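Morning, everyone. Please look at the screen while I take you through one protein.

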Amino acid sequence: MKLYERVKDDVRNDVNWNRVARVGARGIRAAPSAAGNYVIEKVPIVGWLPRYNYRWLLTDFVAGLTLSLMLIPQSLAYAKIAKIPVQYGLMSSWSPAVIYTFMGTSKDMSTGPTSLIGLLTSDVVDDLVEEGYSPEAISSAVALSMGIFMAAMGFLKLGFLLDFISYPVLTGFISAVAITIGLGQVDNLIGEDNVGDGTANIIHDVFTNFGTCNGRAAGMGIASVILLVSLQKAGERWGSKNRVIWFMSITRAFIALLLFTGISYAVNKGKDEDNYLFDVSKVPATRINAPKPVDAALLSKAAGRSIAAFLGASIEHIAIARAFGLRNNYVTDPSQELCYLGVTNIWNSFFTCMGVGGAMSRTAVNSQCQVKSPLSGVVTTGVIVLALYKWTGALYWVPKATLAAIIITAIWPLIGKPSTYYHFWKTSLADFLASMIAFWVSLFVSTEIGIATAVGFNVAYVLLRQVFIRISTVSADSRSELAASLDAARGMPPNIPADTRVFRFEESFFFPNVQRIKRAILDTVQTYHSPEYNSRNGEEAERNWSVEGERRIARLRKKANIEGSNLPPIAVVILDFAKVNFFDTSAVIGLKNFLAELRQYAGKGVEVRLVALNDMARERFERAGWTLLDADSSMDTSKPTNVRVFRSVGQAVQASRAASEIVEVIVKNDASSDENTTVTHREKM
């Protein structure tokens, strides 16, 4: 009986059991509304479609049509990278765009086959085709495996786990993949046979057998490269002034496909296949396959081999969504993007298709078309379906050399510039080494081993840093001064202005926690402070197609029991680095992105102040190109990487707003004039 009473008393007073009870009760109360919100979040179209402006229809139609003209040649080319019949690339492209219309959180994103997914799929095809499976069946098993992994992470909101792959590792990995893809297309570009697999073998065989190349195929390939590069350069130089040149530039792959397919048809029509002047793609007449499940035995063999494709496609897709959300001022949801990728790839697998994900080049073109919403995907799907049923006869004559040229020119921008790696070197030796491991191992060994080795190096490096902690020693005669300094650094002034907010980092600031810390700071600012446009004499900003940002802010304010819209603006954000003893490249990049997002919300006049930077963190900032100013220095706020540094939070709070600072504000007065008026004023706290 005493034992029972003791256990009962222990359970009643135990901290963990009490915490479980509190969290469980709170979860039960919140479950109904949370479940409803969760379901609505899975179909974002429910939020933005009712506010869709019919005047956007023409812009979305043009964007969708333009994307389809890019997607047709690219899907054929990327299927070729995956070592599956090229028509399966086209069949992989009809459904992703229309599904994204319902599930996507980015208006700019273009999804479909990509060069990265193609290469990572080809690795699995090479492994399993010898066991008697067809390449297209293997690619559908890879797509299903990718979809299952993505859906699991998305629906369980585990997307943050991808943050453990740092930016330098990803840069080295993608650069190696791009070079591998380009080298793999050289034999098709010049019509050369007897070229093996692997980077070293390809380089050796191309030069050894160069004399056996097909001159006519090489002529078609080189001419295709010249046309594609010329149209790209013309668009960069004159596209902003001439819409015809701009359109020809962004649809250059389709123009090259159309031109050289016509030439191929003219010179090869009527000849026997063995007597064609150069190799053609031989796309057969096709249509959308009847759905069928993936073979279970094949799936079990492909699942483990598909992890690299899952990781590469997921990280690339989320990075593109974040980048264009920031550029065009709307909020994307990484977990929802993973849900979409999971659903789409699982759906595609039933139609014997390859995996899909976001494509940087097509997304950039979509943004340049000033697309207004994901509704453009319906148009893209319509054109792809039309191509499947009506145009495959013409696609039979596409020269392989032209497809190779499209691939090579498309992947070139993916290769990291030397200046990027030099930036890693200047900022952090460890990050530079991680990028080099990812690059060289992926290039000469395999992509799976490359990214696994680089991530393993990063993890080991972080763990070793936690083991070998530096210890500072203080002499007795400096104790009182040190105590005073610590009190000043840790103390909080009694009065903090309403437009000022202080944030203290409790742990090191590096790649696993960059996104979480950045999000937490922005959430706090958006919860307790009004956006910049609310302070512009009541002038409302142009409404955005996306409602996710507004909903998120509403949920945050409801959770904080904040009602009404009469909130103070944010003028000063103070970041306290007193407890930060490690700071890496990803943190520098993440903080720069945070400043850009903060300025979008709070206006260009907002000031960020840094407190208590240690020598290593200061060195990281300076080596990354930031300008760190003394506390009493004047500052040019037009450059977000110009920041003032203070010794203590108290000094940062009490400092005048950018001493002697002159801020130029461009005010557009639509009520009285269409002209822009420049107002120069001094801002003081």
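First, the ground rules. This is a predicted model, where local features need pLDDT of at least 70, side-chain atom pairs count only at pLDDT 80 or more, and totals for chains, interfaces and linings use all residues. Residues are numbered from 1 along each chain as its sequence is written, and side-chain values use heavy atoms, with hydrogens and water left out.

Now the overview. The protein has 30 helices and nine strands. Helices (H or I, at least four residues) and strands (E, at least two) are DSSP runs, numbered from the N terminus. Of the 685 residues, 49% are buried. Buried means under 20% relative accessible area, exposed means over 50%, and partly exposed is in between, with a 1.4 Å probe and protein chains only.

What about contacts? A contact means heavy atoms within 4.5 Å. Take the contacts with a separation of 6 or more: residues 24 or more positions apart account for 79% of them.

Next, salt bridges. How many does a search of the whole structure find? It finds 18. The rule is a side-chain nitrogen of Lys or Arg within 4 Å of a carboxyl oxygen of Asp or Glu.

Here are some of them. Asp-523 pairs with Arg-552, with the closest N and O atoms 2.7 Å apart. This pair links distant parts of the chain: Asp-523 sits in helix α26 (residues 514–528) and Arg-552 in helix α27 (residues 548–559), 29 residues apart. Is Asp-523 buried or exposed? Asp-523 counts as buried, because its relative accessibility is 12%. Arg-552, at 24%, counts as partly exposed.

Compare Arg-623 and Glu-619. Their side chains meet at 3.6 Å, N to O. The two are four residues apart in helix α29 (residues 615–623), so about one helical turn separates them. Arg-623 is partly exposed at 29%, and Glu-619 is partly exposed at 38%.

There is also a network. Salt bridges link Glu-41, Lys-157, Glu-548 and Arg-555.

On to the loops. Most residues other than glycine have a negative phi. Lys-282 has a positive one, near 60 degrees. Lys-282 lies in the loop between α14 (252–268) and α15 (296–303). Its side chain also meets that of Glu-273 in a salt bridge, 3.3 Å from N to O. Lys-282 is partly exposed at 36%, and Glu-273 is partly exposed at 46%.

Asn-329 has a positive phi too, near 65 degrees. Look for Asn-329 in the loop between α16 (307–328) and α17 (334–349). Asn-329 counts as partly exposed, because its relative accessibility is 45%.

Last, the charged patch. Which residues gather in this patch of positive charge on the surface? They are Arg-19, Arg-22, Arg-26, Arg-29 and Lys-559. Patch residues have over 30% relative accessible area and no salt bridge; like charges are joined within 9 Å, and nonpolar side chains (Val, Leu, Ile, Met, Phe, Trp, Tyr) within 5 Å. Helix α2 (residues 15–41) gives the largest share, four residues. Arg-19 is found in that helix, and Arg-19 is partly exposed at 45%.

Definitions and conventions:
Areas by Shrake-Rupley, 256 points an atom, 1.4 Å probe, with all protein chains shown as cover. Lys, Arg positive; Asp, Glu negative; His and termini not counted. Charge placed at Lys NZ, Arg CZ, Asp CG, Glu CD.
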